Each structure stands twice: as C-alpha cells, then as structure tokens.
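Happy to go through this one with you.

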Amino acid sequence: MSYYDDDFSKIGIRMVAEADLTEPDYSFDLVGVWKHTDGSFYLGTDSGCSCPSPGEDYKNLDQFTGPLTRAQAIEEATSLWTAYGEYDPPAFAEFIETITKA
C-alpha cells in the first residue's frame, strides 16, 4: 500500500512508484511518481514526522512537478535521491525499474 493514501484518480493520475529518500525513523522523506491518463508523468515529494500522512497536502495536479516525460521523471527522482544521500540503492533501482515499465 502506498504511503500516499489519497485517491488521485479524480485528477487523472495514478501512482506508479514511490521510494524512501532516507531511512524511515518516526519520519518520512518520500518521492512518488504518478502517470496521467494522457501518458505524462508527475512527481511529488513529501517529508515530515510520524504525525501527518505523506501526500495529505496534495489536492490538485498543479501541486505536483510535471507534466514530465518518463525520462524526465526518472532524472528528477534520481537527482533527489542523490541529493538526499542515495539511501537503499536496491530499493531505488526497483523504483526506477517500475517507472521504466509504467
């Protein structure tokens, strides 16, 4: 189940993949990628303590980064992952593979 609990189908997107950018420890630093019905991709990030739910502030498409091509979404997510310290390379590789196949 996704950390992002909201149903974004009402704005035409579905979650493709998400990844932790840091080790979860009563907090979260996440990146997620969604695919729009038109084939474009959108990226969202969120971080916080254990109290709020990730993505709870996302309500509209303009709050995401996009529209992006698949390659741009992968590049942007990889840039974030690198900036945060490259946490859990195998899990991030799986995240990228999932986007590649979406």
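A nonpolar core is a set of buried Ala, Val, Leu, Ile, Met, Phe, Trp, Tyr and Cys residues joined through side-chain atoms within 4.5 Å. Keep in mind that the model is predicted.

Q: Which residues have the most contacts inside the largest nonpolar core?
A: They are Val 31, Val 33, Phe 41, Phe 92, Phe 95 and Ile 99, in a core of 18 residues. Two or more residues each come from β1 (13–20), β2 (27–36), β3 (41–49), α1 (70–84) and α2 (89–101). There is also a second, separate core of 7 residues, and Phe 8, Ile 11, Trp 34 and Phe 64 are among them.

Q: What makes Phe 95 count as buried or exposed?
A: Its relative accessibility is 2%, and buried means under 20%. Phe 95 therefore counts as buried.

Q: Why is the pair of Trp 81 and Phe 92 called stacked?
A: The ring centres lie 4.4 Å apart and the planes meet at 5°. Rings pair if their centres lie within 6.5 Å, and planes under 30 degrees apart count as stacked, so this pair is stacked. The pair links distant parts of the chain, with Trp 81 in helix α1 and Phe 92 in helix α2, 11 residues apart.

Q: How do you know whether Trp 81 and Phe 92 are buried or exposed?
A: Trp 81 has 11% relative accessibility and Phe 92 has a relative accessible area of 5%. The cut-off for buried is under 20%, so Trp 81 counts as buried and Phe 92 is buried too.

Q: What makes the aromatic pair of Phe 92 and Phe 95 tilted?
A: Centre to centre the distance is 5.2 Å, with 35° between the planes. Stacked needs under 30 degrees and edge-to-face over 60, and the rest count as tilted; the pair is tilted. Both residues lie in helix α2, 3 residues apart, about one turn of the helix.

Q: How many aromatic pairs does the structure hold?
A: It holds 5. Ring pairs also link Phe 8, Trp 34 and Phe 64 into a cluster.

Methods: Residues are numbered from 1 along each chain as its sequence is written. This is a predicted model: local features need pLDDT of at least 70, side-chain atom pairs count only at pLDDT 80 or more; totals for chains, interfaces and linings use all residues. Side-chain values use heavy atoms; hydrogens and water are left out. Buried means under 20% relative accessible area, exposed over 50%, partly exposed in between (1.4 Å probe, protein chains only). Helices (H or I, at least four residues) and strands (E, at least two) are DSSP runs, numbered from the N terminus. Rings of Phe, Tyr and Trp (its six-membered ring) pair if their centres lie within 6.5 Å; planes under 30 degrees apart count as stacked, over 60 as edge-to-face and the rest as tilted.
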